[in-house]
Amino acid sequence: MEQYVATFHTHLAALRSCNALKKAGIAEACLAPVPRRLSSSCGTCVFYGGAEPMLACMDTDLEAVYRREGTDFSLVHQGKD
């Protein structure tokens, strides 16, 4: 199972996405402070795991989705600006 971090332009978008992930069965989805090397937008991200990045659960205010690789992150999907 891969580990992902989704960043957002607003805190509300992060909250909505976290709730959508939980409804989709991703129980370990949780809100957390964004690692500063990824973004400085709203300051809230969603950490979650899964076989895929679950883009259908993301709010329209998504900034980006990264795959966690140890202490590094690789861009999986860039949201609209």
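Before you start: buried means under 20% relative accessible area, exposed means over 50%, and partly exposed lies in between (1.4 Å probe, protein chains only). This is a predicted model, where local features need pLDDT of at least 70, side-chain atom pairs count only at pLDDT 80 or more, and totals for chains, interfaces and linings use all residues. Residues are numbered from 1 along each chain as its sequence is written, and side-chain values use heavy atoms, with hydrogens and water left out.

**Exercise 1.** Find out how many salt bridges there are.

*Solution.* Start with the rule: a side-chain nitrogen of Lys or Arg must sit within 4 Å of a carboxyl oxygen of Asp or Glu. That rule gives two salt bridges. One joins Arg16 to Asp59, at 3.8 Å from N to O. In the other, Arg67 pairs with Glu69, with the closest N and O atoms 3.6 Å apart.

**Exercise 2.** Work out whether Arg16 and Asp59 are buried or exposed.

*Solution.* Take Arg16 to begin with: its relative accessibility is 49%, so it counts as partly exposed. Now Asp59: its relative accessible area is 17%, so it is buried.

**Exercise 3.** Decide whether Tyr4 is buried or exposed.

*Solution.* Look up its relative accessible area, which is 2%; therefore Tyr4 is buried.
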